[in-house]
Amino acid sequence: MKTSLKLTLVMLSTLFITACADNGKVDKSEADNNLVLGLLKTAEASAKEAGQIEIKGTYFQASCSAGTCSTPGSNTVSIQSNFGTTTGYLYVDYVNGAGTSTYRVNAEIVEFSNTDRVLYYKPKNSANISALIWTITAENEILICDVFNGKPTLAETKTDLTSRKASGTVYTTNPKAAGCNGSFAFNFLTKTF
């Protein structure tokens, strides 16, 4: 075979192998665009996740009195927020010693604030909106107080809660002993999982 024919065959083979190796590759500018879009979506999802309610989850609830909390029983509290909003739901199931449910709260969270550690909820069978406040101790214990201050509007409920805080009826200074609707202690939450 002539040298020029051999050289032509080697060049064609190299071109074919290179073309096969580049098959399926994405242009660098398109790859950079895809990377930026992916990072933006991740940042957006992270921001929405960061906006979730601080105490979301399902818990067993125990009562507290005089600075001590009882062992969690069968009472459960579920708190979830809708992704990317300040709304969600609250579900509470109080169970008596016989193991039967005695009181249930199935409510829509109409607004919450992690900064103020409060959620405002409207039970499915009620037109009124109530407040539930929480505190987290230095030991990362979650304690809640249902203020039971149902008012017809969110603005009225917020005003009532502000008034109760100002009068010292509701406070988080010593939640295991008092501060929930007068002299009552807060309730202690333990994650179920």
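What volume does the largest pocket have? The answer is about 260 Å³. A pocket here is an open set of points on a 1 Å grid over the protein atoms alone, where a 1.4 Å probe fits, with protein on both sides within 12 Å along at least five of seven lines; lining residues have an atom within 4 Å of a point. Of the 17 lining residues, D146, F148, C180, A185 and N187 are the closest to the centre. The model is a predicted one, where local features need pLDDT of at least 70 and side-chain atom pairs pLDDT 80 or more, while totals for chains, interfaces and linings use all residues. Residues are numbered from 1 along each chain as its sequence is written, and side-chain values use heavy atoms, without hydrogens and water.

Look next at what builds this lining: β1 (57-65), β4 (88-95) and β8 (142-146) each give it at least two residues. Strands are DSSP runs of E, at least two residues long, and helices are runs of H or I of at least four, numbered from the N terminus.

The second largest pocket has a volume of about 160 Å³. Among the residues that line it are Y103, R104, Y121, K124 and F148. Two or more residues each come from β5 (101-113) and β6 (118-123), and the largest share, four residues, belongs to β5.

Stepping back, the protein has three helices and nine strands, in the order α-α-β-β-β-β-β-β-β-β-α-β from the N terminus. Of its 193 residues, 30% count as buried (under 20% relative accessible area, 1.4 Å probe, protein chains only).

How values were computed: Grid points are joined across faces, edges and corners, and a volume is the space filled by probe spheres set on the points. Buried means under 20% relative accessible area, exposed over 50%, partly exposed in between (1.4 Å probe, protein chains only).
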